[in-house]
Amino acid sequence: SQITTLINHKDKPKRSDKTLQAIQRVGQAVNLAVGRFVTVGEAIANENHELKEEMSVACIEARRAGETIAQLTDVASLDHPESDSHITIFTDKTGVVKAARLLLSSVTKVLVLADRIVIKQIITSRNKVLATMEQLEKVSSFQEFVQIFSQFGNEMVEFAHLTGDRQNDLKDEKKKARMAASRAVLEKCTMMLLTASKTCLRHPDCESARINKDGVFHRMRLALEQVIEIVTDSRPNGENEMAPISIYSGIKEFKNKVEGLRENLYFLSKDNLSTMLEVILEHTEDFTDSAYTSHEHREHILELSKQAKMELEQLVSVWMQAQNQKTKDLMEDLEVAILKTCQCMNELKREVHSAATSLAADLLKYHMDHMVLKALKITGVEGNLEAVAEYTCKLSEQKEQLVEMCRLLRHVSGTEPLEITCIHAEDTFQVTGPQIISAAETLALHPSSKIAKENLEVFCEAWESQLSDMSMLLREINDVFEGRRGEKRVYLSLPRPGKHNANLKALKPVKLDTEEQAKIAKLGLELHLLTSDVDSETEKWEDQENEIVQHGQGMSSMAYSMYLFTRGEGLLKTTQDLFHQAEIFATEGTKLASALHAFSNQVHDDDKPVLLLEAEKLISMCKQLQITAKASVQGKSATFTKVDACILKTRNVMTLLCQLLPLCWKLLRKDKAGNGCLKPAPPWREDRIQTGRNAHTPERRAETFGIKSLENHVTNMTFLESK
């Protein structure tokens, strides 16, 4: 950001003292920041000898570039920089550009090397866990088991911290969801491994106890392997990951292709469209062939599938005619055919969504009493093998129903992270069902065994927990379908308490009670409505990669999480989580303000003051929110007051965002309409460090070095902060 400011400064004939002082401050700030950064890099180098030489070279280059920038911006004491023998940014702007390039490349190299170290740490930690697991599998005495399990617990804690940081750093929401699923498996399996191993040690000749234990070890190994695949971005034997195709994503892609015919009649063939529809209709067979789909839903899906084929035939017919002869009547007929085809696909999507979610709601309601699990516990303690066999059959039926429910929900989940969550839930039911059965059989064979009873409890709790998670997942899927949450960047993870703020260490995370939730409900609802407004505004923009749009979407997503917190739902579980989220929200708002300032450089003077005024308001409000979120409080009443203040200030920022987004969109629309609202300068979105020089000169090419890639690396590397 500071380098961009330096390179974008305007070469005016008159330079006030204020301008000179500002340039010098920026240069010094860059040099100080580089100094702090390099100190961390050097510390990492000293701890990792295999990369010490590479890291040291990169650190030296960065320090040298920072010092060069400081020298070139040392202009505050110069009355006439041009005539002075001292070389400055005014006499040698190319020098600043070269120093900036060197700085960015060396800093990026430091970050890449640090990233390699993080990956190595995770792999080393995984290898330790695997080695200790092998010892645990072979152990034959309780005393030995306790000693090794203590070591295993410490290694799992270390692995959890490393992978938690990595999950926070991941930008790909699909990978982030996969990492979260794998880490959840490891967390739950650690307790299962403890009780299953103890049961096996207590009853070494029991086959069902051995099967139970082996299942836990196998699942943990798979989860550990998946974490490494995500971290190293690789698959075993070089195979590519085949992403499961859902009906929702298939319909979305199909509609995009159909609607694209308005712009270009020749960009795809009719066979492509026909094949895409066939794939979608094949997937609807998951619903029509399911024993759990109602007769009414099955009939509607079959009817809409037939209608979709007919609509596509009509569309293809008109489309082929329009390719040969572009008459007004034919183009109108094509538009009608496009609308009818898309409408039919929307109805099909709505029907499969209704079928999946109504089945899920019914099953979750029916199984929420956990009657089968309770019966297994009772009959197991009684040693009633016949009754246990009867209830294990019922649990197997329940498992098949829930697995089918997860498969159908995946088709309508709406986003890749939710799809992955559905797949994870399906796997959990598929694996946990047989493990409960083997644990129940062990208890029935040894009804007086306290450890066998405890083991069954642990597996039953995992089943109950997954059922509870499904209720939340169902709400999220409905939210996406109804437009309350789009395919935005969702902040799934938060910094660990104490990692970014010393004040947090003394605070005890708490949840809001029912009375407090009731008090704050109105404020939360207002926040919810504002997130919908912001989502509607961002969806108007054609360029979804626009920096303003992305920051707006990020803020909306975080505000939605805060709204869910007021209802006692979502991923923010405690007040401490909320305060962390408020800090991140404020930081995102400050980044948006920077993007608005860059955008204002392309706006004519008549429009510029309004935009700058709103951007300054945003900066001020975000600073206030950060101060509130970081403030240390003690006691229940003071904590609730702080929660209330954070939500209130977040609402105020979102209100301002609802005014800013339409303003920016209007200015862009004016420009596209030819009203010349924007200056004909290089696109600010693509490169914020371009100058007014000839685009083909070496100096100009040097100036276009990508700032954004460095920013992404810096955001990724919370590792450096934790050091």
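What share of the 723 residues in the protein chain do buried residues make up?

Modeller: Happy to! This is a predicted model, where local features need pLDDT of at least 70 and side-chain atom pairs count only at pLDDT 80 or more, while totals for chains, interfaces and linings use all residues. Residues are numbered from 1 along each chain as its sequence is written, and side-chain values use heavy atoms, leaving out hydrogens and water. Buried residues make up 49% of the 723; buried means under 20% relative accessible area, exposed over 50%, and partly exposed in between (1.4 Å probe, protein chains only). The chain has 23 helices and zero strands, which are DSSP runs numbered from the N terminus (helices: H or I, at least four residues; strands: E, at least two).

Now to your residue. Because its relative accessibility is 23%, glutamine 323 counts as partly exposed. Leaving aside neighbours within four places in sequence, glutamine 323 is in contact with Leu265 and Tyr266, where contact means heavy atoms within 4.5 Å. With Leu265 there is a further detail: the side chain of glutamine 323 reaches the backbone oxygen of leucine 265 at 2.7 Å. Asparagine 264 lies 59 residues from glutamine 323 in sequence, yet the two are 9.7 Å apart in space, C-alpha to C-alpha.

Conventions. Polar contact = N/O pair within 3.5 Å; in protein donor to acceptor, adjacent residues only side chain to side chain.
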